[in-house]
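Here are some comments for a colleague who is meeting this structure for the first time. Please read them with the model open alongside.

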Amino acid sequence: MATLPQHHPLKGNPAPAQGFATRAVHAGEKPDFREGATGDVAAPIHLATTYARQKVAQPGRYEYVRSQNPTREALEAKLASLENARYGLAFSSGMAAETTALLALLKAGDHVIAFDDLYGGTKRLFEQGFANFGVETSYVDATNASLVEKAVKPSSKMVWVESPTNPLMKLADIRAIAEIARKHGLILVVDNTFLSPYFQKPLDLGADVVVHSITKYLGGHSDVLGGALLVNSEQLYERLQFHQNSSGAVLPPFDSYLTLRGIKTLAVRMEQHQKNALAVAQFLEKHPKVSRVLYPGLESHPQHELAKAQASGFGGMLSFDVKGAGADAETFLERLRVFTLAESLGGVESLIEQPAQMTHVSLEKAEREKIGITDTLIRVSVGIEEVADLIADLKQALEW
Ligand SMILES: *Cc1c(COP(=O)(O)O)cnc(C)c1O
């Protein structure tokens with residue numbers, strides 16, 4: 001296992017003294033005033049793949065880009081700071097981060113307990129990837145923490161949840177599940193992509209590993225693919241970092257720079273996403289052609305109180321059902337002019353999609369219906385446009 005060098009910038013990241021928005025701008029990007037340094041205000045993009053040394057037996061601070069890169073390290077330090085984590089690692093995609101976490105933390109014969117409403121790609125990774133190597137996964141409705149405990153068996157090693165989930169906006173009680181994980185010696189992984197660290201900090205709630213798809217809110221502009229893992233335990237960090245280097249799915253320098261740039265506005269973007277999402281949810285809830293709206297910020301959401309207790313906000317994602325059949329959902333979606341019909345989420349522009357035929361098409365119809373992903377379900381990533389334009393667009397598209 002690689003041990004962390006004493007001078008590593010992430011070694012024992014201190015507890016945050018400054019507010020979130022300040023750290024979003026400054027963390028990891030302190031100007032370098034040492035002799036000969038430039039004092040860049042924004043972390044420069046270091047493109048070199050290898051770093052020279054003066055003595056054969058004395059490696060410098062950097063050796064080879066897969067192992068270390070200054071731009072990626074600046075981002076890893078910023079991400080760690082925002083999640084109140086001691087350590088951060090940046091990957092070439094959210095799925096690469098997940099693959100590396102599973103590779104580092106599991107072995108054949110291990111058992112994982114996962115939320116049954118899970119990002120489609122994550123379920124595919126468990127079922128069509130790690131299942132082939134003898135890792136077994138049980139899916140439970142983690143809205144009820146006691147079902148997580150019921151699923152524990154001697155071979156259990158890990159609990160994997162998202163909160164809120166994609167696309168049904170179900171919540172897992174992270175504190176309660178962390179308690180169960182601790183009691184049974186399991187690693188709790190929380191995919192925090194939907195709320196971003198601005199609204200939710202799972203490590204503070206007792207999780208061991210936080211996963212992000214940087215592609216969504218952290219990048220924020222639908223122009224960078226990336227992923228991240230955040231931890232507090234030095235031992236976990238060393239295992240993850242070893243496998244990040246050995247599997248090689250690192251975030252490239254230019255993408256690291258784009259993410260650093262995107263994160264600077266995370267606090268202001270998330271506030272606006274949430275403001276717009278609440279207004280859109282309230283509009284939809286009153287509309288006669290809408291049969292249900294799933295948004296944790298609505299009092300009608302069955303876990304509204306839990307949302308308030310474990311997160312500082314409700315985010316910019318919501319789902320709803322139109323009345324009628326799947327074809328009506330398609331008609332509605334194709335009539336929209338401001339919302340873009342597309343997969344993905346978390347960008348400044350409003351994106352909308354039908355999970356049954358788009359993001360969740362890889363799930364069997366029976367499985368989709370069992371968990372509530374109907375053909376009339378529509379998922380929205382509410383952007384930061386003028387909210388009146390968003391509501392007017394929904395209104396005209398609902399008049400089919
Ligand atoms: C998009 C997403 C992922 C996968 O991330 P990529 O960057 O697309 O590889 C994982 N989890 C959630 C919740 C996501 O939305």
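The points below take up a helix pair, a cavity and a pocket in turn.

1. Please keep in mind throughout that this is a predicted model.

2. Helix H2, which covers residues 70–82, packs with helix H9, residues 253–263, at an angle of about 35°, and their axes are 8 Å apart. The crossing in which H2 passes H9 is left-handed. On the H2 side the residues that meet H9 include Leu75, Leu79 and Leu82, while those in H9 include Tyr257, Leu260 and Ile263. Sorted by class, this contact has 8 nonpolar, 3 polar and 2 charged residues.

3. The count comes to 1 cavity of 30 Å³ or more, and about 60 Å³ of space lies in the largest cavity. Among the residues that line the largest cavity are Ser163, Leu171, Gln200, Ala307 and Phe314. By class, its lining has 7 nonpolar and 4 polar residues, with no charged residues. Domain 1 (20–263) and domain 2 (266–397) each give at least three residues to this lining.

4. The second largest pocket, with a volume of about 500 Å³, is lined by 29 residues, of which Met95, Tyr119, Gly120, Gly121 and Lys216 lie nearest its centre. Helix H3 (94–105), helix H4 (120–128) and strand E6 (209–213) are the elements that give two or more residues to the lining of this pocket. By class, the lining of the second largest pocket has 9 nonpolar, 13 polar and 7 charged residues, and at least three residues are drawn from each of domain 1 (20–263) and domain 2 (266–397).

Note on methods: Residues numbered from 1 in each chain as written. Predicted model: local features only at pLDDT ≥ 70, side-chain atom pairs only at ≥ 80, totals over all residues. Heavy atoms only, no water. Axes fitted to C-alpha atoms, helices over the stretch in contact; angles between N-to-C directions. Helix = DSSP H or I, 4+ residues; strand = E, 2+ residues; numbered from the N terminus. Left-handed = near helix turned anticlockwise from the far one by under 90°. Contact = heavy atoms within 4.5 Å. Nonpolar A, V, L, I, M, F, W, Y, C, P; charged D, E, K, R; others polar. 1 Å grid on protein atoms, 1.4 Å probe; cavity = no way out; pocket = protein on both sides within 12 Å on 5 of 7 lines; lining within 4 Å. Points joined across faces, edges and corners; volume = space filled by probe spheres on them. Domains from an automatic or database assignment.
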